[in-house]
Amino acid sequence: MKSTSHKIDVKRVFVKIRTIEDLTDLICMLYPQEYLRNPNTMTVKAFRYFTSPSIPKTSYKSFQIAKKSGGKREINAPVSMLKAFQTGLNVLLQEVFEAHKAATGFVPGSSIVDNARPHLNQNYVFNIDLKDFFTSIDQARIWKRLQHPPFNLSKENGRLELANRIAALCCTEMEVDRKNGDGEWIKVKRNVLPQGAPTSPVISNIIAYRLDFLLTGLANRFGLNYTRYADDITFSSKHNVYQNDGDFLKELHRIIEDQNFCINPFKTRLQKRGFRQETTGLIVNEKINVRRSYIKELRKWLYLWERYGYGKASDYFKVTYNNKHKNVLPPSLLNVLDGKLEYLKMVKGKDDNTYKKLFERFVKLNAPQSKLSEILDVWEARGIEKAMEVFNYNKD
């Protein structure tokens, strides 16, 4: 998220930096130093190490998590010092770069609700997914993009070494899928954006800016709405232009291939009025909403807690969670319910009756009885937002 606490003008300072030392200093200023056990470890020497061509693969810890759609997703999490440099750089890049208006993922102040809103009450909602979104972006491509506005880290400006270092800091070597000259998918080793690095989301929006520009133009040409949330692309309209042999799909495929991305053919779908229409997991038929199963699951866990107590409900939750997510440490039932209620509030709004009733049950279960009346009094007198502050304070 964009920093509001820093008193420096990041854009003005960034334009002036010319050396690795200057870049390191700026990144360190933008990283919350209190997060480090020893702030003095963020040195120019350490920065050079993590941006050298010979950086070892031990700088990342790889593991897999289960996908909702099945299969496994590989996560490459940077070690703490590398993550610290990437976190500071992430703030820097978000201050300097402004994402395209059609991009709603990884953009400060935007959410999946903003992504869904343009597609409300349409006759057709068309979803496509970009294959291996992060790892399809090579280090060389990032390096080249950084030489152009708004970064201008070019040889002509005497700043090319900064582009080298930033691109290197954001990437790691991985085995990835690429098409050969015959159009066949093969396994190759490339330095790419890892899923798990703090910088990967903003870098992906930087690289995809041209894609967003071209697809916005395509949407305008055919009278469509267009948004992109990370690798999830959505078009919608009152009229049907999505025929397989039609001009729209031909141009869509051409643009995406020209921008070095690839459509995942297994995640392409056209949703018509009269059936459930979704984008990024939200229903957009008449109003933005969650699936009924989401509410049903919330009610189930709250009921089990009310009926059998937190201990038994939590034990059952862990068993259920482990059956879905093998080899993944289950979160606590309390945290899951808290997170799901926050998500529901974001989607349906704090004044929605369904949300308010579920939240009230959660408060009664979780808050100490001595504090319950206080929280409910605050809710009635000052609103649910203030009650949430009191609730979270008591919980901590």
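Q: Is His119 buried or exposed in this predicted model?
A: His119 has a relative accessibility of 0%. The cut-off for calling a residue buried is under 20%, so His119 counts as buried.

Q: Which side chain makes a polar contact with the side chain of His119?
A: Start with where we are: His119 lies in the loop between helix H5 (112–116) and S3. Its contacts, leaving aside neighbours within four places in sequence, include Asn225, Tyr226, Thr227 and Thr234. Among these contacts, the polar one between side chains, at 2.8 Å, is with Thr227.

Q: What distance separates the C-alpha atoms of His119 and Ile288?
A: Along the chain, these two are 169 residues apart.

Q: What share of the contacts with a separation of 6 or more comes from residues 24 or more positions apart?
A: Zooming out, the protein chain has 396 residues, and 45% of them count as buried. It holds 16 helices and 10 strands. For contacts with a separation of 6 or more, the share from residues 24 or more positions apart is 64%.

Q: Which strands stand at the edges of the open sheet of four strands?
A: The sheet runs in the order S6-S7-S3-S8, with antiparallel pairing. Two of its strands each have a single partner, so one side of each is left without a neighbour in the sheet. Those edge strands are S6 (225–229) and S8 (269–272).

Q: Which residue of S7 stands opposite Ile128?
A: Strand S3 (residues 124–129) and strand S7 (residues 232–237) run antiparallel and are joined by six bridges. In S7, the residue opposite Ile128 is Ile233.

Q: Which helix lies across S3 and S7?
A: The helix we want runs at about 25 degrees to S3. It spans residues 247–258, and that makes it H10.

Q: Which side chain joins Thr51 in a polar contact of 2.9 Å?
A: Thr51 is found in the loop between helix H3 (44–50) and strand S1 (60–66), and it counts as buried at 4% relative accessibility. Its side chain reaches the backbone oxygen of Phe47 at 2.8 Å. Leaving aside neighbours within four places in sequence, Thr51 is in contact with Arg165, Ala168 and Leu169. The side chain that joins it at 2.9 Å is that of Arg165.

Q: Which side chains of S4 point to one face and are buried?
A: The side chains along S4 alternate.

Q: What is the relative accessible area of Thr172?
A: Thr172 is found in strand S4 (residues 172–179). It touches Tyr60, Arg190, Asn191, Val192 and Pro194, not counting residues up to four places away in sequence. Thr172 is buried, and its relative accessible area is 10%.

Q: Which residue in the hairpin of S4 and S5 takes a positive phi?
A: S4 and strand S5 (residues 185–192) pair in the antiparallel sense over eight bridges, and Glu175 stands opposite Lys189 in S5. The hairpin has five residues between the strands. The residue with a positive phi, near 80 degrees, is Gly183.

Q: How many of the eight residues of helix H8 are buried?
A: Helix H8 (residues 200–207) is largely enclosed by the rest of the structure. What covers its buried residues includes helix H4 (80–96), helix H6 (139–145), helix H7 (160–170), helix H9 (209–222) and S6. Ser200, Val202 and Ile206 are among the buried residues, and the count is eight of the eight.

Q: At roughly what angle do the axes of helix H11 and helix H12 cross?
A: The axes of H11 (residues 292–308) and H12 (residues 310–324) come within 7 Å. Residues making the contact include Trp301 and Trp305 of H11 and Tyr316 and Phe317 of H12. They divide into eight nonpolar, one polar and three charged. The axes cross at roughly 145 degrees.

Key. Residues numbered from 1 in each chain as written. Predicted model: local features only at pLDDT ≥ 70, side-chain atom pairs only at ≥ 80, totals over all residues. Heavy atoms only, no water. Buried < 20%, exposed > 50% of the residue type's maximum accessible area, 1.4 Å probe, protein only. Polar contact = N/O pair within 3.5 Å; in protein donor to acceptor, adjacent residues only side chain to side chain. Contact = heavy atoms within 4.5 Å. Pairing = 2+ DSSP bridges. Axes fitted to C-alpha atoms, helices over the stretch in contact; angles between N-to-C directions. Nonpolar A, V, L, I, M, F, W, Y, C, P; charged D, E, K, R; others polar.
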